[in-house]
Structure formats: C-alpha cells, structure tokens
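Please consider the fold presented below, together with its sequence. The paragraphs that follow lead from one part of the chain to the next.

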Amino acid sequence: QIPYRLKELDSEFDSFSQVPESPIGREEEPHLYMVAKKYRKVTIKYSKLGLEDFDFKHYNKTLFAGLEPHIPNAYCNCMIQVLYFLEPVRCLVQNHLCQKEFCLGCELGLLFHMLDLSRGDPCQGSNFLRAFRTIPEASALGLILADSDEATGKVNLGRLIQSWNRFILTQLHQETQEQEAPQAYRGAGSSSFGTSGDSVIGQLFSCEMENCSMCRCGKETVRVSSTLLFTLSYPESAEKPVKDYEFAQILKRSICLEQSTQAWCENCEKYQPTVQTRNIRCLPDVLVINCEVNSSKEADFWKTQAEYAFQRALMKRGGFEISRGKEISLGEWKELGNPDMGHLYSSVEELKNIWIPHAIKMRLTKNKELDICNWSENDELSPSDDPDSVYIYDLMATVVHILDSRTGGSLVGHIKVGETYHQRKEGVTHQQWYLFNDFLIEPVDKCEAVQFDMSWKVPAILYYARRNLNAKYNLVSECRRWQGPRGQRPWLPPHPPFPPPAVKNPIEANVLLAEASLARKQRKCHATFIPLLLSEMPQAGDLVGLDAEFVTLNEEEAELRSDGTKSTIKPSQMSVARITCVRGQGPNEGVPFIDDYISTQEQVVDYLTQYSGIKPGDLDAKISSKHLTTLKSTYLKLRFLIDVGVKFVGHGLQKDFRVINLMVPKDQVIDTVYLFHIPRKRMISLRFLAWYFLDLKIQGETHDSIEDARTALQLYRKYVELSQQGSDAEDFRKVLKALYEKGRKLDWKVPEPESQSSPKRKAWGALTPPPRRA
C-alpha cells in the first residue's frame, strides 16, 4: 500500500500537472494558459529618439550580445545565437570571405564579429537577413515571411525554424567548401578551415547513410547518401496505454529508420511494396535533431513520456530502484513508492516536464549496428569501452516554440555557454545555461533548458556536441594561449579584445584600393574621391571623417493615442545609400578616399532627397552616374578601418553605425553632436554648429556627405582649440552656455539672409578635391 504521506504528495503533484490541453494545431484563448514572463515575446517601445533611450540593460545583465527583433524575418535570431556559441562554426565563418555579393557565410561571419565586440549591447542582423532574402532556395522553401505573417501567427514558427535549420547548414556547407582562387579575397585562404574540398560544416555535422530498399521479389538496392541532421520519428500511438520509451530509443529508431512504402523495382519493372531501411556508417561530431512536434499527437507523446520520466525520477530519488517495463501504465507507476520520499517535495519541480537527457552515449558496434543510451553527465566510460569508437554527446542548445496567441508566438533558445566564451568576455572559467530571447538574456538552471510544458513551451531543435569537441578542432589550446596563464586575461581593455588566434581576420588593406564602379554610365569627371595610396594606409589613432546618407525602404507604423500623441509601433526601415570617408590628417586632409553609393535591389519608398541628396536613379546600376558599389564591398572597407584602430569623426554617428550595422568601440568614435552638448538639453544640428563656430553655411538646399564629413572634422579641430584655450572645464562650459543662449534666441535656425552671417569663411570649407592622380 502507498503510505499516507505519498498519497498526499501525489495529489499535489497532480494539481501541478493540471494544465490545459496542448493548443498545437488549433487556437486557444490567451487566458487558458500562462506563459512565463521571461519567455514572452519582447518588444521595443520607441520614443522620439528611436532606440537611443531604450533601456536594453534592463533585459540583459550579462556581457553577451542579444539580437534586435524588429527586422523582417528575425524569427531566426535564436538559431543565429546557437551557431555563434558553437565554437568551430564561429571560427569557420569568421575566417570565411569571398567576393560573392550575397553570401550567408560572409554575412554570418561579420555578424559574429559584432557579437564578439559587444559588451551586452544588442546587435541587429539586418545585413545578414538582407542577404538571406536574396537566396532563391530560401524563398522556394517558404522561409521568407511577409512583415505581417509572424505577428499575426499565420505561420507555424516551430516548423519554420526547423526548415531554416536544415537550410542554413546546407547553405553554409556549400558556401564554405574550397573556394576557387580567383573568387577569394587575398588572405581568406590562409585559414586552416575548409581545405581539401571539404568544409568544417561537413566535418562537424555530416553523417554518411546507407539506404537499403528490399522489394518483395527479393531485389535489394543499396544507395549511399549523407545528412546534416536527423528528424525524430515517433511510434504509432494506437496502442493503449502508450508505452514508456527512453529518448535514446526514439532517437535510434529515427536514425535507423525502417518503413514500408511503394517504390520502383527494376526487377519487377513496376512500383512494388518495398521495405526501406537506413543505417549510418559514421557518427557526427555535432548531433542536430529536429523534433517535429507539429501537432497535438506528437505533443501528447512528449507529455506522456515526460510523465513516465517524472515518476521514474521520483522513484530513483527516493531510493526505490525499478526495472523499466515497456508495458507499465501511468496508473501503475503511481502505485509504486517509498515512504521516505516526502523530503523531496522542495526540489520536485525540477523533475517535471523533462524527457530528454543532458547527455547521450552512442557507438557503432563491430557489426556496424548503432547503440544509443541515455547518459548522465557524471557517468564514466567502462574500461572495455574504446574512447575512439564511443561518442559521448552533451546537450549544448535547445530551441523552443513559445505558444502565445496574444502575440502570435515566438522562438527562444537555451544555450550552454562554454568556458571559451566566458574567458573572452569576463576572463573567468565557467559554464552556464542561458535563455536567449532576442535581446533578453538571463542565466537559467540546467533543468529549465530541457523542461517542456507542452501547453506553451514546445521543443523544436536540439543540438548535442561531442564531448571535448573544441580540443579536436584545436580551439581550446588557442584560446587558453591567448587568454594568458590560468585561463585569465592579463589585461582588461576598455572595449572587447580581438578574437583569439583561431580566428584570423581575412580582411586586408587591398579592400581600400581603387575598384571599378557597378554603374554602366559613370564618367571619370564625376569622380568625387581619390583612393588611398599604399603610403597613405591608415594607422591606429588616425582621424577619419565619416558621414552616411540613407533612404527609406518601409514607412513607419504608428498609432494615435486617445490624448492625441503618436506612438511608434514599428520604426521606418532605413537602408544606407551613400558612405563617405575623408582623410583626417596629412597633406590631403579633408580629401575623400571613399565616396560610395550603395546599389540596392530592394524597393525604395522614399529617397529623402531633401536630407540625403540621393535622387531616384542614383542607386540603379543601369542609369546611375555615381561610383556605385555593393553594400558588402563598402562594409568591408569600414570593417578594415575599425580593425586597424582609426578614430571616426562625424555628427550623429551612433545612428549611422546602427543603420550600417557596424559595432564600433566607443574609444574609436568622436561624435561632434556630444562634444557640443550640455547634458539633459537638446542636441544641436551640424548646420547650426557650423554657422556658429566656423562661419560656414552648409546644407543649403540639400545634404552632401562630403561636406558634412569635412565640417565634422573642422568642428572637432575647433573643439580641441577651445578646450586648450580655457584654463579649466568651466571656461568651455561658458562657451556651450553662450551657444545654447544664441540657439534659443534664433529658434535653432541659421539666420537668413546672408548679410547676417559673418563674412569670414574658412579656406578649408571651400576645399575641392585636387585633380585625380594618374
């Protein structure tokens, strides 16, 4: 008989498990189930300043970078984070660089570099997603969503992210195979990854399969193929009660799949009932599993198996060992017990809703049969086990679908962040599970990563990595050598350190040399810049004046509140259209060396000509007379300048870098909008500052990025001059007070007509580029 205390405990367990039926496959009212707050879809509340005053730190107290969710097709943010924290993949794509304009491997590497540099600030994958939208296979697979699809819940995000998972692994495998020499940037081939015609993706994920088809006539056909991931296949649930399965059993039947189907038989010369079996020839280093929980049928199976596992864990914790029987029903499980289990009540919640293990043991027998079993993280191999033939896989990530009809649902990831990442960010040796919900990041307990309450939290993707994987790819020793003795950094720089030696920056100085324009009608007389000579290559600390102009791709979405104020729901989507860099020192100071117009294939809804100077046709290669380039080409130029260590001088650079999608260390940015600013008072325009301090009239009819970049440089020189003239900081503050008083009197408008302006003009303000060198 069951003791009284166990009966009482069991009734309380039942009350915990009384959750509504899984809403998978049908709509439910939002009040019928509760989504934990940290798992809910995070949204950004926009103000007049856009994102500048949004408190991202409230959602992320770590030094790891989140990703912004407001960009179209940002549903894949969680999977981008999973790939980033898989060390060999991160090193692979950051070493990869090719000349293909829309290469996901290149864009992913550039995005990972931003995640490396960030100290807890969110990044956005706009450039990666822009390239993603151009891939025909992505469109054919239905992976590219309309802006409204994700928000309205019209799409099954769990199924979508599993398709995206298969797509991205296949795409990266193809893109990172051995590059042809003419199509590779110089320096990109120096990487130790992806040589000999193979790719690291293939080495990590690929598993060779032997597919056998047996016709009833006895004709056997064997075909060899490979796969980068596996999809779970569940048993038919016709039997009642549902059997008790370990996760390893379901995984084995999914890998070594056996099914009956109609197939063509060459011997019979017609379609015949055929038994198809699949066996694997090798084991992958990273085991990727799509869970395929796409209906209430699969969800109920997970729920039932989790209940079996829960009862079994209670028995084990209570010291009651029970042999696993496949025909035991849940009711029979509950008839078993131990009177000493009452003390387990405080920790019982960590046992609920768990079916998958944190580790799996796999090996191929001498007969090439697959042997799989659940494994404890603390278990050790027996002396008879061959370490080379036995693979222990540790769970490193789970991607889950959050069901919430109020927001259309969302996707989040649980990721076990390893020692190398904690060493690089914080200089400590540590492992920890984290929840990644776009820009919300917080540590979670290891059990939470494998708990799936099927009423609102549904598993989608599992990543298991072979134990000591980084050591196999020679990454651990590299990182430790870079970190210094005892895994500690000998110094803590003001901004994130450069990547460890396992990542060799493939961007070289030749990206700044002269290049051909994409525009067919460009004439030499329209050249507005002089490329750098090798003798002019920038050094760390050199000044570079920068300005960028933008166009609008999508209009802002806003609503009018009852009090008459406007609330921004979704900001306008901007795209960089022109980037200008001017020399900050030397005999050619003020002369541009980059003045690129960015070609775009996306529809522009507003060229913002009054503010940008960009006119229709300027970005079209067929009719443009400008120096037209790809975004990737210009982006690499700026990345090279950042990596060299130059200091960018400009006005309002924070917004410019955000739209360009660049992460620039703060000590490499000199922003004149903050140099001439009193805290808690308004920001002052470049036009007003130029008139007040430099006696220059700029931005008369339209903006010009060359003029703006030069003016920002002059303002910085003026700031240095004023700062040195005063005996202390109070003197410069008096200058700023006088500036603000003048601005208020003039309503911050440059006075007209011309007679009100000082007749003096700086000679540099009228500087035009010298004749183009031969």
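Strand β1 (residues 207–215) and strand β5 (residues 270–280) are paired in the antiparallel sense through seven bridges. Within this pair, Asn211 has Arg278 of β5 as its bridge partner. Helices (H or I, at least four residues) and strands (E, at least two) are DSSP runs numbered from the N terminus, and two strands pair if DSSP finds at least two bridges between them. These two strands belong to an open sheet of four strands, in the order β2-β1-β5-β4, with antiparallel pairing. The edges are held by β2 (220–227) and β4 (258–265), each with a single partner strand, so one side of each is left without a neighbour in the sheet. On average, neighbouring strands of this sheet are turned by 35 degrees against each other, direction ignored.

The model is predicted: local features need pLDDT of at least 70, side-chain atom pairs count only at pLDDT 80 or more, and totals for chains, interfaces and linings use all residues. Residues are numbered from 1 along each chain as its sequence is written, and side-chain values use heavy atoms, with hydrogens and water left out. The pLDDT, which is the predictor's confidence in each residue from 0 to 100, averages 80 over the chain, and 77% of the residues score at least 70. Over residues 1–32 the pLDDT is below 50, and this stretch has 55 contacts in the model beyond near neighbours in sequence. Residues 476–501 likewise stay under 50 in pLDDT, and the model has 46 contacts for them beyond four places in sequence. Contact means heavy atoms within 4.5 Å.

For the chain as a whole, the secondary structure comes to 22 helices and 21 strands. Of its 774 residues, 51% count as buried; buried means under 20% relative accessible area, exposed over 50%, and partly exposed in between (1.4 Å probe, protein chains only). Among contacts with a separation of 6 or more, 71% join residues 24 or more positions apart.

Helix α4 (residues 104–117) has 14 residues and reaches 20 Å from its first C-alpha to its last, close to the 20 Å expected at 1.5 Å a residue; the expected span is 1.5 Å times one less than the number of residues. In α4, 14 of the 14 residues are buried, so the helix is largely enclosed by the rest of the structure.

Lys38 lies in the loop between α1 (4–16) and α2 (77–84). Its C-alpha atom is 7.7 Å from that of Leu440, although 402 residues separate the two along the chain. Beyond its neighbours within four places in sequence, Lys38 is in contact with residues including Leu435, Asn437, Leu440 and Glu448. Asp438 is found in the loop between β11 (432–437) and β12 (440–444). Strand β7 (residues 359–364) and strand β8 (residues 370–375) pair in the antiparallel sense over six bridges, with Ala359 opposite Trp375 in β8. Five residues lie between the strands, and in this hairpin Lys368 takes a positive phi near 65 degrees. Pro357 lies in the loop between α12 (330–334) and β7 and counts as buried at 10% relative accessibility. Not counting residues up to four places away in sequence, Pro357 touches Phe247, Asn374, Trp375, Leu395 and Tyr464.

Another open sheet has six strands in the order β19-β18-β17-β14-β20-β21, with mixed pairing. Its edges are β19 (628–629) and β21 (669–671), each with a single partner strand, so one side of each is left without a neighbour in the sheet. Strand β17 (residues 573–583) pairs with strand β18 (residues 592–598) in the antiparallel sense over five bridges, and the bridge partner of Thr580 in β18 is Asp595.

Helices lie across this sheet. Helix α17 (residues 631–644) lies across β14 (543–554), β17, β18, β19 and β20 (647–650), running at about 145 degrees to β18. Helix α21 (residues 705–725) lies across β14, β17, β18, β20 and β21, at about 140 degrees to β14. Axes are lines fitted to C-alpha atoms, for helices over the stretch in contact, and angles run from 0 to 180 degrees between N-to-C directions. Leu608 lies in the loop between β18 and α16 (609–612) and is partly exposed, with a relative accessible area of 22%.
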